[in-house]
Amino acid sequence: MRLGWKVVIGLSAALVLSTVVFAQRTTGGLTGTVKDDTGAVLPGVTVALTGQYVMGTQTSVTNDNGVYRFLNLAPGSYNLVFEFAGFATLNRNGLVVSVGMTTETNVTLSLSNVSESVTVTGASPVVDTIASDVSTNYDSEWVDNAPVTRNSFHDFIASAPGVVSPSLDSTNRGIAMVYGSAIDDNSYQLDGTDVTDAFFGQALASPNTDAIEEIEILSLGAPAEYGSVQGAVFNVVTKQGSNTFHGDANFYYQNDSLTDRNTTDEDDNGFPFYRDSSPEFTGQVGGPIKQDKVWFFGSFQYQKDAFAPVGVEPGVGTQVDERRRFLGKVNVQVNP
């Protein structure tokens, strides 16, 4: 009897955890309508999707209303090929998918008596005509080039509309207020896992900034899947492997000669902010373990900041903040 209760409790816990994980969003989608030159919808059109983060090729066939749809796509750029007998093949390249958004791309196929292919390249405007929430998305290109500090993702979310510049408390956890909400009203998600401190309401995990694929700041109108969130949902999705090996490394460094003074002797008693040294190293690599089946991605970051705060004599009150961040991920396609 005791063993039976343990099994019931274990299965219940697994069901609850799987439901929680399933509820969080880390992907986006593509949809649209296919028509001919007269404006009539075309059912039965085969639509093939490929991209960096797709294992193999996904296909969809337009329904009676000429609508195609692809769900659960990792954020990134994708290509579509539209094929239908009697019509010229259309290639639509560079379609951007963002976390939590459905990109609508409508196309028109032209009649053709010969084998003909038309290619249209260029990212479409990411306009979600389905969702009613208010959100801001920052992709990896923005994260790489944003003219802000890059100690953690808290530095990036400060750029979103309605977010009061986050800071770090004494425990190095981010503090953010969105549209007047309290600092413990927010939800922090990392790759679909809730990493919100149940007591303080702050983030318990902060990934390497170079490993971030996209950040979604869901400011207003969070869906019911996020529970009783009264502030914002900060949704961080990290990079993953692909069918090709890729990697990068970088090094950043600051010291006092590279740090300007923004106080006077009257403000700091002759002891301005002093930065002894601030090195940062990041390295990451990803690729296939098995083509179109198993991918891996790994990342490491080392950060150190040795400094003396304003009004404190260097060497006497120098503080050292040191972090090591590790991230490992494996993506598996169980079946086609």
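Start by selecting Lys329, which counts as buried because its relative accessibility is 16% (buried means under 20% relative accessible area, exposed over 50%, partly exposed in between, with a 1.4 Å probe and protein chains only). You are looking at a predicted model, where local features need pLDDT of at least 70, side-chain atom pairs count only at pLDDT 80 or more, and totals for chains, interfaces and linings use all residues. Residues are numbered from 1 along each chain as its sequence is written, and side-chain values use heavy atoms, with hydrogens and water left out.

Asp191 and Lys329 form a salt bridge, with their closest N and O atoms 3.5 Å apart (a salt bridge is a side-chain nitrogen of Lys or Arg within 4 Å of a carboxyl oxygen of Asp or Glu). This pair links distant parts of the chain, 138 residues apart: Asp191 sits in the loop between β13 (187-190) and β14 (193-194), while Lys329 belongs to strand β20 (residues 319-332). Strands here are DSSP runs (E, at least two residues; helices are H or I, at least four), numbered from the N terminus. Asp191 counts as partly exposed, at 28% relative accessibility.

How many salt bridges does the structure hold? There are 6 salt bridges. For another one, pick Arg323 and Asp321, whose side chains meet at 3.1 Å, N to O. Arg323 is buried at 17%, whereas Asp321 is partly exposed at 22%. Then jump to Arg261, Asp265 and Asp268, which salt bridges with shared partners join into one network. Within that group, the side chains of Asp268 and Arg261 meet at 3.1 Å, N to O. Is Asp268 buried or exposed? Asp268 is buried, with 0% relative accessibility, while Arg261 is partly exposed at 40%.

Next stop: Arg275, in strand β18 (residues 274-290). Arg275 is buried, with a relative accessible area of 13%. Show the side chains and you'll find a polar contact of 3.1 Å between Arg275 and Asp305 (a pair of N or O atoms within 3.5 Å; within protein, one must be able to donate a hydrogen and the other to accept it, and residues adjacent in sequence count only if both atoms are side-chain atoms). Leaving aside residues up to four places away in sequence, Arg275 touches Gln254, Asn255, Asp256, Thr259, Asp305, Ala306 and Phe307 (contact means heavy atoms within 4.5 Å).

Move on to Tyr253, in strand β17 (residues 246-254). Tyr253 is partly exposed, at 41% relative accessibility.

Time for a sheet. Colour the open sheet of 5 strands, ordered β10-β15-β16-β13-β14 with mixed pairing (two strands pair if DSSP finds at least two bridges between them). β10 (134-139) and β14 stand at the edges with a single partner strand each, so one side of each has no neighbour in the sheet. Follow β10 to strand β15 (residues 212-220): these two pair in the antiparallel sense over 6 bridges. Along that pairing, Asp139 stands opposite Glu214 in β15.

Finish at strands β2 (residues 46-51) and β3 (residues 58-61), which run antiparallel and are joined by 4 bridges. Select Thr46 and you'll see Val61 of β3 opposite. Which residue of this hairpin takes a positive phi? That is Gly56, with phi near 80 degrees, in a hairpin that has 6 residues between the strands.
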